Amino acid sequence: MTDTVTQRTRREAETISRVVVRFAGDSGDGMQLTGDRFTSASAIFGNDLMTFPDYPAEIRAPAGTVNGVSSFQVHISDHDITTPGDAPSVLVAMNAAALKADLNRLEPHGLLIVNSDSFEARDLEKAGYTSNPLEDGSLDGYRLVQIPMTSLTQGAAEPLGVKPRDAERSKNFFALGLISWLYSRPTDPTLEWIDKRFKDLVKESNRAAFLAGYNFAETTELFEHPYQVAPAHMPPGEYTNISGNVALAWGIVAAGQLAKLPVFLGSYPITPASDILHELSKHKHFGVRTLQAEDEIAAAGMALGAAFAGHLGVTTTSGPGVALKSETISLAVSLELPLLVVDIQRGGPSTGLPTKTEAADLNIAMFGRHGEAPLPIVAASSPADCFQAVIEAARIALKYRTPVIFLSDGYIANGAEPWKLPDLDSLPDISVPFQTEFNHQAADGTMEYWPYLRDPETLARPWAIPGTPGLMHRIGGIEKQDGTGNISYAPDNHEKMVHLRADKVRAIQADIPPVEVRGDQDADLCILGWGSTWAAIDAAVQQAGREGRPVAWVHLTHLNPLPADLGDVLRRFRTVLVPELNMGQLCRIVRAEYLIDAVSISKVQGLPFSANELLAKIREHHS
Amino acid sequence: MNTPVALTTKKDWMSDQEVRWCPGCGDYGILQAVQQLMPDVGVSPENTVFISGIGCSSRFPYYMNTYGMHSIHGRAPAIATGVAVARPDLDVWVVTGDGDALSIGGNHFIHALRRNVNLTILLFNNRIYGLTKGQYSPTSEAGKVTKSTPFGSLDHPFNPLSVALGAEASFVARTHDLDRKHMMEIFRAAHDHRGASFVEIYQNCNVFNDAAFEEVTGRKVREEMMIDLKHGQPIRFGADGHKGVVMGTDGQLRIVNVADVGEDAILVHDAHREDPGLAMALARLSHSDHESTPFGIFRSIERPDYGTMVGAQLAQVFQQKGPGDLGALLRSNGTWTVAAN
Ligand code: SF4
């Protein structure tokens with residue numbers, strides 16, 4: 001159905017290697033949807049890309065105000081990229097408030113496309129402008145293009161019988177059409193998607209707006225010519241465009257299959273983790289049970305109960321939820337049962353910045369329990385990485401019968417990137433056998449079951465699930481005698497058990513890969529990263545290399561235990577920089593653990609690092 | 001699940017752990033009743049799970065030769081929900097106390113009841129915190145002098161049955177620790193009920209709240225003070241059933257002399273009534289320990305249990321979509337192929 005799209009022949013597209021587009025509008029304007037569609041069309045076209053949705057915490061902040069601005073930034077490129085771009089080269093501002101909120105991000109001389117219909121006196125007042133920026137010369141440093149998008153959309157939809165008020169809601173599709181032309185995106189995928197997603201008049205109105213925007217850009221002389229971003233040279237294979245939370249949910253489904261266990265998710269809605277609950281709730285035919293619990297505590301308790309009963313128990317949350325689950329996680333440490341705790345970090349403390357990103361839960365993951373209660377921690381580095389990383393977290397939980405905390409963050413959760421689908425046969429078998437036989441001979445020769453008789457290698461205790469004849473046993477939070485699992489308050493036994501639980505976690509070092517040093521191995525300076533800083537570090541390290549500043553880079557997936565050789569590796573470098581979206585939590589651990597004078601680079605603005613920020617730090621420390 | 005269950009004796013249900021409640025504690029009688037009952041309820045020890053929270057009563061699972069977990073204060077209903085929903089084939093019991101279920105764990109308690117998770121919940125109500133050595137509990141009477149309320153408690157107490165009925169529990173009953181036969185009868189009915197069954201057990205803590213229920217369940221006063229509820233029968237009690245319960249024109253339940261109103265005026269107990277109103281009125285019949293108090297099954301209605309429904313939904317989606325295919329899932333948002341070179 002592309003016949004209504006004006007054939008593009010008159011103006012040749014100029015080829016560029018990358019572009020960063022930011023769509024900004026009111027929360028009700030559908031900017032996330034617009035950005036998402038542009039992303040999908042680009043993904044199908046074969047560009048590498050990375051997205052960054054940025055939206056307010058309020059569901060409906062007052063319309064037209066700066067607080068209500070919702071933005072979506074996407075970086076598309078013909079080469080391998082990992083960040084959503086520092087400064088956008090194109091800003092689409094659907095109203096005055098969006099211009100006010102996001103103009104400072106636009107690069108100098110950047111292309112600024114505004115919906116001129118939303119710059120009436122009332123709009124300016126709500127946005128906090130005292131004079132009209134479209135007229136007062138304040139935008140002179142940009143390439144300003146004014147388009148009355150609202151009225152053009154209404155004009156396009158009117159012949160279909162759509163009322164002007166309803167037609168106005170389609171104006172985001174006008175903007176999408178415009179940008180699709182400007183960057184030579186194929187139109188079919190978007191039109192097909194509109195047909196699937198909407199019905200009746202809304203569908204027609206959105207189609208009309210999209211095509212009107214596309215044709216408007218083509219026919220008018222507002223833009224000299226369209227641009228073309230060639231497909232990226234990505235490794236051959238089959239790709240899909242995936243967000244972090246969906247990759248995580250699919251990773252959990254996969255972990256259940258690889259473990260040959262049904263998945264049980266106990267969860268309570270919380271931003272930015274709820275999408276995992278939503279996604280997993282769709283996949284009941286994989287044997288996935290999802291239960292929306294009455295609270296965070298119950299969610300963890302149910303997952304732990306399910307683990308006791310032989311399921312892969314999972315609970316998903318964000319920082320405040322981890323705080324509430326802390327007592328249950330401690331019980332899981334004591335019971336030595338597998339439990340996967342997923343924390344999608346956000347700005348804290350307390351409600352903090354619920355829709356903004358931060359990576360400040362490493363401390364609570366490491367230390368946020370009562371008593372000596374160590375547990376393994378695994379962190380994802382990018383949206384697509386969530387899939388493999390959560391399988392690894394489940395593997396550790398099952399093999400060592402321990403709760404594992406999996407750290408992602410809002411930036412990874414909502415960001416999207418192309419993902420080369422893994423070869424399913426290459427995924428690890430993470431299944432573990434249940435105990436079905438007696439494992440100990442009593443003094444009188446009879447055989448019996450000792451629930452805390454450990455595997456000498458992994459130190460994991462056996463996992464005998466209800467329904468197994470003869471192996472009935474009781475476990476609990478009270479200290480247990482090693483071996484029998486009977487209640488024991490004996491001083492020496494407690495000390496032994498505390499050490500055993502710690503040794504068990506430390507022993508996982510032998511089961512995780514050694515440190516991989518990226519970048520320049522011989523550099524004097526090493527960046528130590530974890531989590532979503534991956535993207536910015538990657539871009540900064542590459543740029544530094546081009547500037548003749550060699551930098552080495554270590555990025556951690558396993559945060560507890562740390563890789564066995566990490567201390568030795570880091571000691572090779574004169575300078576170790578640790579960029580984190582917190583006040584230096586990993587940095588402090590590394591300093592304490594290895595007595596290395598690591599330097600923290602901290603950012604806590606609810607925003608990811610930009611590559612330029614890190615590059616500046618690299619320059620500063622490079623001598 | 002349908003294979004015949006091997007015959008067991010009481011001994012098969014007793015663990016090798018030494019029972020460590022205070023001598024004279026009411027918990028012993030309850031443990032005896034459960035252990036004596038279990039061989040007769042048609043399940044095997046390996047398919048039985050006891051989950052408890054924290055408190056004196058919550059040591060219970062250690063003494064049962066079944067699967068068991070002594071968990072966290074207040075959280076047993078949530079953990080047991082995980083067990084029962086993951087494994088509807090298991091027979092899951094929750095042992096809890098007044099502080100455990102109604103104070104720190106109030107939220108999980110009401111939600112397990114409203115979801116109708118297939119659990120048999122035994123609440124040992126001794127109206128005191130025993131394990132922490134004698135603070136008032138959410139069921140302690142107002143004015144109670146304890147270590148934490150030297151001038152008397154100002155708290156209005158919970159009636160556990162009202163809470164359970166307010167959550168529209170499908171099975172609600174009361175018994176007491178001095179009558180093993182009655183306990184076994186009620187526990188069996190609670191066990192046989194599919195869904196969440198709630199039993200309040202008046203339990204004597206002889207160390208910190210001795211004789212709390214003496215004025216109702218004491219041997220000398222029992223006949224006049226305990227009202228034995230039987231479904232389908234007029235609610236009568238006292239010597240020769242000379243007292244009974246009537247419903248006034250104002251909807252209020254009252255205790256009367258049967259001779260004064262005539263036998264036909266006496267309320268007939270209906271535990272199967274869909275509306276929990278009557279059960280609630282019975283639960284609120286007595287407001288103190290000086291009034292006659294109903295025992296037995298207040299309410300028992302049929303409602304699908306949660307774990308079975310979850311399983312059925314899974315099966316239904318499985319039927320519609322076929323078995324999950326990981327490869328198809330990964331391609332479900334559309335894919336594109338990058339060719340070599
Ligand atoms: S303190 Fe009371 S309830 Fe606890 S074991 Fe002793 S008598 Fe029983």
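Which glycine follows H17(A), and is its phi positive or negative? Hold that thought for a moment, and welcome, everyone. What we are looking at today is a predicted model, and I'd like to walk you through some of its features.

So, back to the opening question. The residue is Gly548(A), and its phi is positive, near 80°. Let's stay with the helix itself. H17 of chain A covers residues 534–546, and at 1.5 Å a residue its 13 residues should span 18 Å; the end C-alpha atoms are 18 Å apart, so the two agree.

Now let's step back to chain A as a whole. Its division runs like this: domain 1 is 14–229, domain 2 is 240–426, domain 3 is 433–499 and domain 4 is 518–622. If you compare the C-alpha centres of domain 1 and domain 3 of chain A, they lie 62 Å apart.

Next, the place where the two chains meet. Chain A brings 56 residues to the contact and chain B brings 53 residues. On the side of chain A that touches chain B, the elements giving two or more residues include helix H1 (31–45), helix H9 (244–259) and helix H12 (319–335). The largest share on that side, nine residues, is from H11(A). By type, the residues on the chain A side divide into 29 nonpolar, 20 polar and seven charged.

Strand E19 of chain A, residues 474–476, pairs with E2(B) in the parallel sense over three bridges, and Ile475(A) stands opposite Met69(B). E2(B) also pairs in the parallel sense with strand E1 of chain B, residues 48–52, this time over four bridges. In that pairing, Val49(B) has Tyr67(B) as its bridge partner. Looking along E2(B), Tyr67(B) and Met69(B) point one way, Gly68(B) and His70(B) point the other way, and all are buried.

What about the ligand? Residues around the ligand include Trp21(B), Cys22(B), Cys25(B), Asp27(B) and Cys56(B). The shell divides into seven nonpolar residues, three polar and one charged.

Finally, a few backbone details. Most residues other than glycine have a negative phi, and most peptide bonds are trans. With that in mind, Glu336(A) has a positive phi of about 55° although it is not a glycine. You'll find Glu336(A) in the loop between H12 and E13 of chain A, and it counts as buried because it has 25 C-beta neighbours inside 10 Å. In chain B, Arg127(B) likewise has a positive phi of about 55°. Arg127(B) lies in the loop between E4 (119–125) and H5 (160–166) of chain B, and is buried, with 24 other C-beta atoms within 10 Å.

As for cis peptide bonds, one runs from Gly348(A) to Pro349(A), with omega near 5°. Another joins Asn560(A) and Pro561(A), with omega about -10°. Pro561(A) sits in the loop between strand E23 (558–560) and helix H18 (566–571) of chain A.

Conventions
Residues are numbered from 1 along each chain as its sequence is written. Chains are lettered from A and ligands numbered from 1 in the order in which they are written. This is a predicted model: local features need pLDDT of at least 70, side-chain atom pairs count only at pLDDT 80 or more; totals for chains, interfaces and linings use all residues. Domain bounds come from an automatic or database domain assignment. A residue is buried if 20 or more other C-beta atoms lie within 10 Å of its own, exposed if 12 or fewer, and partly exposed in between; C-beta atoms are placed from the backbone. Two strands pair if DSSP finds at least two bridges between them. Two residues are in contact if their C-beta atoms, placed from the backbone, lie within 7 Å. Ala, Val, Leu, Ile, Met, Phe, Trp, Tyr, Cys and Pro count as nonpolar, Asp, Glu, Lys and Arg as charged, and the others, Gly among them, as polar. A residue is near a molecule or strand if its C-beta atom, placed from the backbone, lies within 6 Å of it. The expected span of a helix is 1.5 Å times one less than its number of residues.
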